[in-house]
2 protein chains.
Amino acid sequence: MDQRGGLRERKKERTRAAISDAAIALFVEEGFDDVSITRVAEAAEVSRRTLFAYFPTKEDLVVHRFADHETESARVVRGRPEGRAPLAALRAHFLDGLRRRDPITGLNDVPEIIALLRLVRTTRGLAARMLRFKQNGEQALSAALRDTAGVTDPTAGLAAAQIIAVQWTLAIDNQVAIAAGTTASAAYPTATKSAKQGFALLADGLGGVL
Amino acid sequence: MDQRGGLRERKKERTRAAISDAAIALFVEEGFDDVSITRVAEAAEVSRRTLFAYFPTKEDLVVHRFADHETESARVVRGRPEGRAPLAALRAHFLDGLRRRDPITGLNDVPEIIALLRLVRTTRGLAARMLRFKQNGEQALSAALRDTAGVTDPTAGLAAAQIIAVQWTLAIDNQVAIAAGTTASAAYPTATKSAKQGFALLADGLGGVL
DNA sequence: GTGCATAAGTAGACTGAGTGCAATATACGC
DNA sequence: GCGTATATTGCACTCAGTCTACTTATGCAC
């Protein structure tokens, strides 16, 4: 299964990675807006036109790396063991992500990851693009809740929106802490505590504090 | 106070409105992506360059109309009467918005409003731009909660994110119902019920349903 | 009213993202 | 090997947004 398809497929995959790698390296170095597509194409040794065959927009050169995680929450809910509550499953998954230093939780201090996340966070266009991922993740989670948690229409959407909002907030907070120089291990206890607090607010409501 | 400043100010304001009106009319008619800035400038009888003096980007021609509402939730929290809980104030404000058919709640069936909201909702770039407003609203609300509700750092951000997420979900649901042809009055009871459900989930948590 | 400083508006050339098309090169199935 | 599908390319084009230099209108002091 490692090399499904023939040479063609594998070569395409390598080209795709080469383009994206070259792009991100340049963007991190000089800023997203200060590097033209043409320069990326030159660095990756492909034509401008080919670059656009792989990535429909400049932003996609960066954000495609997050595409897999778009529906992660929905998958967790759909794949949870029988009888397990969705919220509990999501909580466990997020806490496990922190433990594993999953970049998606923001709690990862590998320099390349830090640089990439900072790039995305501090570039207007890129940040806006990420919000669309968030939106899609919300949609997917909403559908998952409707399909597997016996919850109906207005409630599913509302719950999904709340859950995704909390997870993103937690992730961004972690990113900011790491970007400020804290190591992942040093930030871990606080991050865990915040995550538990976030999921507690989700489960028990804001009534207690507001 | 109606005409602060002189002729200059008022003329600028009229020009600004003329440009925006022309733009939105064209966009609604033919689609955001199918109308060039040049055509908008011609319709508004100004030069292309002047248009950009008033609106920094094409998207701003449309979304500037929502700019005032960006920090609305934060203002409601800051301006609430002594002793009133933030969440209760926001709930009352939203329900009142539904009663007043405030466009921001999505429950408004004036044709121009429907068309404008549909335009924003169905145009990729415009929708993405609106998500930035959402983000900023979240920030502002978070700060308001920290400043006036005696709630500290991770919690304020988490609560704000949840609240804004719920309000947006409610508004979008209403927009979709209206766009499907329901009148505002016909949708009002359901919209109210959903809003109450949304704020109940916020206050009491998802623990009961998930 | 006249004149001057200032701000608004215009013209035209430029950069950079993204697209359409037609031509060329390359890997695959047989 | 050979024909075919597909990847790649070059070129010309549209459109958003910026820069610079120039013109026109406005407000204000007198």
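Trainee: At what angle do the axes of helix α7 (residues 111–122) of chain A and helix α9 (residues 153–179) of chain A cross?

Mentor: Happy to. Keep in mind that this is a predicted model, in which local features need pLDDT of at least 70 and side-chain atom pairs count only at pLDDT 80 or more, while totals for chains, interfaces and linings use all residues. Residues are numbered from 1 along each chain as its sequence is written, and chains are lettered from A and ligands numbered from 1 in the order in which they are written.

Now to your pair. The axes of α7(A) and α9(A) cross at roughly 120° and come within 10 Å of each other. That makes α7(A) oblique to α9(A). Axes here are lines fitted to C-alpha atoms, for helices over the stretch in contact, and angles run from 0 to 180 degrees between N-to-C directions. An angle under 35 degrees counts as roughly parallel, over 145 as roughly antiparallel, 65 to 115 as roughly perpendicular, and the rest as oblique. The crossing of α7(A) and α9(A) is left-handed, a term used if the near helix is turned anticlockwise from the far one by less than a right angle, with clockwise giving right-handed.

On the α7(A) side you will find Ile114(A), Leu117(A), Arg118(A) and Arg121(A), which meet Gln175(A), Ile178(A) and Ala179(A) of α9(A). Two residues are in contact if their C-beta atoms, placed from the backbone, lie within 7 Å. By class, this contact has four nonpolar, one polar and two charged residues. Ala, Val, Leu, Ile, Met, Phe, Trp, Tyr, Cys and Pro count as nonpolar, Asp, Glu, Lys and Arg as charged, and the others, Gly among them, as polar.

Let us step back to the chain that holds this pair. Chain A has ten helices and zero strands. Helices (H or I, at least four residues) and strands (E, at least two) are DSSP runs, numbered from the N terminus. The C-alpha atoms of chain A fill a box of roughly 55 × 40 × 30 Å along the principal axes. Of its 210 residues, 36% are buried; a residue is buried if 20 or more other C-beta atoms lie within 10 Å of its own, exposed if 12 or fewer, and partly exposed in between, with C-beta atoms placed from the backbone. Among the contacts of chain A with a separation of 6 or more, 62% join residues 24 or more positions apart.

The helix α7 of chain B is worth a look too. There, α7(B) (residues 111–122) packs against α8(B) at an angle of about 95°, with the axes 5 Å apart. The two helices are therefore roughly perpendicular to each other. Leu119(B), Val120(B) and Arg121(B) of α7(B) make this contact with Leu126(B), Ala127(B) and Met130(B) of α8(B). Its residues divide into five nonpolar, no polar and one charged. In the loop between α6 and α7 of chain B sits Arg101(B), whose phi is near 55°, a positive value in a residue other than glycine. Arg101(B) is partly exposed, with 16 other C-beta atoms within 10 Å.

From α8 we reach the partner chain. The axes of α8(A) (residues 124–148) and α8(B) come within 9 Å and cross at roughly 85°, and these two helices are therefore roughly perpendicular to each other. Ala128(A), Arg129(A), Leu131(A), Arg132(A) and Gln135(A) meet Ala128(B), Arg129(B), Leu131(B), Arg132(B) and Gln135(B).

Over the whole interface, 33 residues of chain B are in contact with 33 residues of chain A. Elements giving two or more residues to the chain B side are α6 (86–99), α8 (124–148), α9 (153–179) and α10 (184–204). Among these, α9(B) gives the most, with eleven residues. The chain B side divides into 19 nonpolar, ten polar and four charged residues.

The same surface serves both copies, as 100% of the contact residues of chain B recur in chain A.
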